[in-house]
Amino acid sequence: MLIGEVARRSGVSARMLRHYESLGLVRPSGRTGSGYREYSGEDIQRIFHVESLRAVGLSLREIGRALDDPGFTPSALVDDLIRRTRERIAVETELLTRLHRVHATDPAGWEDVLQVVTLLGALGSKSADARQRAALASVDEVPVEALVEAALDEGDPHVAGALRWALARSGGGGPALLAEGLGSPEAAVRERAVRSLAEMPGGEATALLRDSLASPDAVVRGYAALALGSRGEADAVPALVDLVVAGTNDTDAADALSLLAGDGTAADRIAAALVDRLSRDTTGAPARGRLTQALAGVPGAASSRALRELLHDDDRAVALTAAYLLQLRDVG
């Protein structure tokens, strides 16, 4: 079969067939009396083998090795192809994400495009100062998706604070994106997500924080409770009491409980929750001391009655704390 017919049937151009021949990949088995290349059935099969290997990403040099080297091990090459393909996909995905984010800003001109690209690059900089400056400058210039991604990845506390500030002032969509971070398998990402939500206003963020009270992650529950307490959400009371017992942000938790005890009914309910934990045998002495101190910020008869009962507590430190707190109430 002559080269033109081979090209027509195989879909490989005559020029490419000559290139294959120059590389030694495919050699026509014979020549016609006029000197034209003549391909046998085996030659055509080899052409299809070359094309198949090209289709999976092998270079022509690698194809030559695969077809001619008896000691060639395809598994190693396929592993390398998988690695290179993943790297290429990662690069292309990052580029596509960046293009979408530039497009989302609806740039009016090339100066706007360059400004967004510069800020996106700065958010991914190795310099913490550069990342912080980008966060503080990006409220209206970078899509919320980029801010959320940066906030969930940021380990520097100063930059993280700037990103949370930017997110709190960004447009819509932030809470829903941060919700994905709450389900991350990485504890650090979950913490960054809930702390970012804690600084975001609005009902959507509050609802997600309320859902986070049921999180299996104690850190997530704690930050959610503190944020909800500052927003006057009574659902946070049990988790706030847990913080007092654990000694984790216990002062902030006690302040939040005091804020929630704004009326008589709420104050009595919070006092009851604190007393309940005080009465449990599993609560250690340091925790009982913190619970007693937390009663100081809860007004009303129920907390006063609890403090009077604690005057006779077996733990002298608790009894002395109760006496001091009652004295302050009497003076007040």
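The structure is a predicted model. The protein chain has 19 helices and 2 strands. Of its 332 residues, 39% are buried. The accessible surface of the chain is about 18500 Å². Carbon and sulfur atoms account for 53% of that surface. Among contacts in the chain with a separation of 6 or more, 50% join residues 24 or more positions apart.

Helix packing comes next. Two packed helices are described by the angle between their axes and by the distance between those axes. Helix α3 covers residues 41–55, and helix α4 covers residues 60–68. Their axes are 10 Å apart and meet at an angle of about 130°. Angles over 145 degrees count as roughly antiparallel, and 65 to 115 as roughly perpendicular. The crossing of α3 past α4 is right-handed. On the α3 side, the contact is made by R46, H49, V50, L53 and R54. On the α4 side, L60, I63, A66, L67 and D68 take part.

A second pair joins α14 to helix α17, which spans residues 285–295. Here the axes come within 7 Å and cross at roughly 130°. These two helices are therefore oblique to each other. From α14, the residues in contact are V241, V244, V245 and A246. From α17, they are A287, R290, L291 and A294.

Helix α10 runs over residues 174–182, and helix α11 over residues 187–198. The axes come within 7 Å, and the crossing angle is roughly 150°. This angle lies over the cut-off of 145 degrees, so α10 is roughly antiparallel to α11. The crossing of this pair is left-handed. In α10, the residues that meet the partner helix are P175, L178, G181 and L182. In α11, they are V189, R190, A193, V194, S196 and L197.

L228 lies in helix α13, which covers residues 218–230. Its relative accessible area is 0%, so L228 is buried. Leaving aside neighbours within four places in sequence, L228 is in contact with T206, L209, R210, L213, E233 and A236. The C-alpha atoms of L228 and A198 are 7.9 Å apart in space. Along the sequence, these two residues are 30 residues apart.

A128 belongs to helix α7, residues 128–137. At 24% relative accessibility, A128 is partly exposed. Beyond residues up to four places away in sequence, A128 touches D156 and V159. A128 and V159 are 31 residues apart along the chain, yet their C-alpha atoms are separated by 6.6 Å.

S304 is found in helix α18, residues 301–310. The relative accessibility of S304 is 15%. That value is under 20%, so S304 counts as buried. A polar atom of the S304 side chain lies 3.2 Å from the backbone oxygen of G300. S304 also touches L326 and R329, with residues up to four places away in sequence not counted.

N249 sits in a loop. This loop lies between α14 (237–246) and α15 (250–260). N249 is not a glycine, although its phi is positive, at about 50°. With 32% relative accessibility, N249 counts as partly exposed.

Terms used: Residues are numbered from 1 along each chain as its sequence is written. This is a predicted model: local features need pLDDT of at least 70, side-chain atom pairs count only at pLDDT 80 or more; totals for chains, interfaces and linings use all residues. Side-chain values use heavy atoms; hydrogens and water are left out. Helices (H or I, at least four residues) and strands (E, at least two) are DSSP runs, numbered from the N terminus. Buried means under 20% relative accessible area, exposed over 50%, partly exposed in between (1.4 Å probe, protein chains only). Contact means heavy atoms within 4.5 Å. Accessible areas come from the Shrake-Rupley method with a 1.4 Å probe; for residues, only the protein chains shown count as cover. A polar contact is a pair of N or O atoms within 3.5 Å; within protein, one must be able to donate a hydrogen and the other to accept it, and residues adjacent in sequence count only if both atoms are side-chain atoms. Axes are lines fitted to C-alpha atoms, for helices over the stretch in contact, and angles run from 0 to 180 degrees between N-to-C directions. A crossing is left-handed if the near helix is turned anticlockwise from the far one by less than a right angle, and right-handed if clockwise. Angles under 35 degrees count as roughly parallel, over 145 as roughly antiparallel, 65 to 115 as roughly perpendicular and the rest as oblique.
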